[in-house]
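Please read the points below with the model open.

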Amino acid sequence: MLSVKEIGARWRANPFVEYPWKVDGQGHCRKGHSAGCIAHCDELGRNVYLKPKAPLTPRAAAHEKIASDLAHDLDVNVPPVVLTNPPPGWDGQFAVCASLVLYPFQLHWGAAKHGVRNAESISDADALQETVRGALHSDSALRDAVLRTAPVDAARAFAFDVWVNQPDHDHPSNIAWGAHSESNSSLVFFDYEMAFNTAPLIGHPPAGQATTVPFPVELLQLLDNDVLLDTVSAIETYSAASLRNIVGRIDQRWLGSSDGEGILEVLESRRRSLRSAISSVMEVAS
Amino acid sequence: MKARYHLATVSFSTDLVCPESPSVPIGAFAVGETDGVAVAVLAVQKAPPVTTPLPNIVLAMLERFPDLLIAQLNELLQTGRAVPVDEVLEQFEDSLRNSFHVSEVRTQDAVELQAAGLGADQRDDAALALCSELFAAVGREMVGMGRHGQHETVASPPGGFEVRRTPSWVNAPPEQSADQPAFA
């Protein structure tokens, strides 16, 4: 089995890799707008999540790939993604990507926070403690495990989400708590299909009106401010050449050139206003 | 009196990373409606038939799984509005897409219910009859999970199973259309 680091490096270096995907065993399609499914191949020896069979936008796979490559460079916990060939049976859908499954055990943040879609805090007192306690009861090891890395993971992801205009992290399925063991767990952030917001999206405001993005209230309340500001700085100083390379190298079957230019414009303009957008959110949160 | 309900099988992946790792059925969830009255029932194996050694943190989560799901459902129902059973199923599936996941959904469109006349009123009667049907549905599903190997020995799961239900709630009766039989 290849390591996450090995696969991540290979996929960061190559936008497209063809694999002989097998869909069996756990490979039943999971619920979700994109109707993706778990797949694997002998070369990787690990499961991936293949999507989208039913894309919400024609650029869905390209969006996933761009977000993952940027996250890789900025140390945000988004799974490695590669553009790839579809598995057998996905007739008519060629613009596919594979997202590496990172953790043996994964629980949606929506479940961990004991909430439902778009729900804000369920507590009228101490939102964080009450929600974590509500889900995990008095098991301090479990609670501590969830909270151990959440401030750092969430701080990086929030700055990143604001930058790439991710509108979909109010959905309970798109953030998970992943665990190898009690002492080795993290929050992991999925599903950037609707990021970059260069076209109107159903149920979400257009790009020009958004200064920030939806994010779980419970996570906003525990962000590590130093990490948040470090991530903002890293985004502000991120190489424009790398940005252009990540977007520009994607084959036009996944992303038309004018769409790519639109994404670059969104990223360049949003990082200029990123610090002020983040500051306004933090003032409200505090 | 006819009922419509969804029956979902809930499974647990012992290792999401590993292709050879099994996805094991651990529970059943049913949500249904009759005469505008709806209810949901959840059954989960107390001792999931997982032979793979799991970290304590995962075992603890498995143990708390029924509480977690019932709490989520109750929270959904506390929104103060009618919640169609299709939406409840959607929310349920949405919250289960990783280690815990919905592996199969079946829908029964017109199951005949017999009211026993034990409720305080007609609506209460309907809720009791629906509850009884859903308990039976998840019970059959759970017993089916006790089949062992090729012998198909039907038995309850080794540790038994835990069954919970939500309070019943009231939805507007479905509108009658020309090509769709009314719930009666």
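1. Basis of the note. The model is predicted, so local features need pLDDT of at least 70 and side-chain atom pairs count only at pLDDT 80 or more, while totals for chains, interfaces and linings use all residues. Residues are numbered from 1 along each chain as its sequence is written, chains are lettered from A and ligands numbered from 1 in the order in which they are written, and side-chain values use heavy atoms, with hydrogens and water left out.

2. Helix 2 and helix 8 of chain A. The axes of helix 2 (residues 60–74) and helix 8 (residues 240–248) of chain A come within 9 Å and cross at roughly 150 degrees. Axes are lines fitted to C-alpha atoms, for helices over the stretch in contact, and angles run from 0 to 180 degrees between N-to-C directions. Helix 2 of chain A and helix 8 of chain A are therefore roughly antiparallel, a term for angles over 145 degrees. Contact (heavy atoms within 4.5 Å) is made by A:Ile66, A:Asp69, A:Leu70 and A:Asp73 of helix 2 of chain A and by A:Leu243, A:Ile246 and A:Val247 of helix 8 of chain A. By class, this contact has 5 nonpolar, no polar and 2 charged residues.

3. Helix 8 and helix 9 of chain A. Helix 8 of chain A also packs with helix 9 (residues 257–272) of chain A, at an angle of about 150 degrees and with the axes 10 Å apart. That makes helix 8 of chain A roughly antiparallel to helix 9 of chain A. Among the residues making the contact are A:Leu243 and A:Val247 of helix 8 of chain A and A:Ile263 and A:Leu267 of helix 9 of chain A. By class, there are 6 nonpolar, 1 polar and 4 charged residues.

4. A:Ile66. This residue lies in helix 2 of chain A. At 0% relative accessibility, A:Ile66 counts as buried, which means under 20% relative accessible area (1.4 Å probe, protein chains only). Leaving aside neighbours within four places in sequence, A:Ile66 is in contact with A:Phe196, A:Ile246, A:Val247, A:Ile250, A:Leu255 and A:Ile263.

5. B:Thr34. In chain B, B:Thr34 is found in strand 2 (residues 23–34). B:Thr34 counts as buried, at 0% relative accessibility. The side chain of B:Thr34 reaches the backbone oxygen of B:Lys2 at 2.9 Å. Not counting residues up to four places away in sequence, B:Thr34 touches residues including B:Met1, B:Leu113 and B:Leu130.

Definitions and conventions. Helix = DSSP H or I, 4+ residues; strand = E, 2+ residues; numbered from the N terminus. Buried < 20%, exposed > 50% of the residue type's maximum accessible area, 1.4 Å probe, protein only. Polar contact = N/O pair within 3.5 Å; in protein donor to acceptor, adjacent residues only side chain to side chain. Parallel < 35°, antiparallel > 145°, perpendicular 65-115°, else oblique. Nonpolar A, V, L, I, M, F, W, Y, C, P; charged D, E, K, R; others polar.
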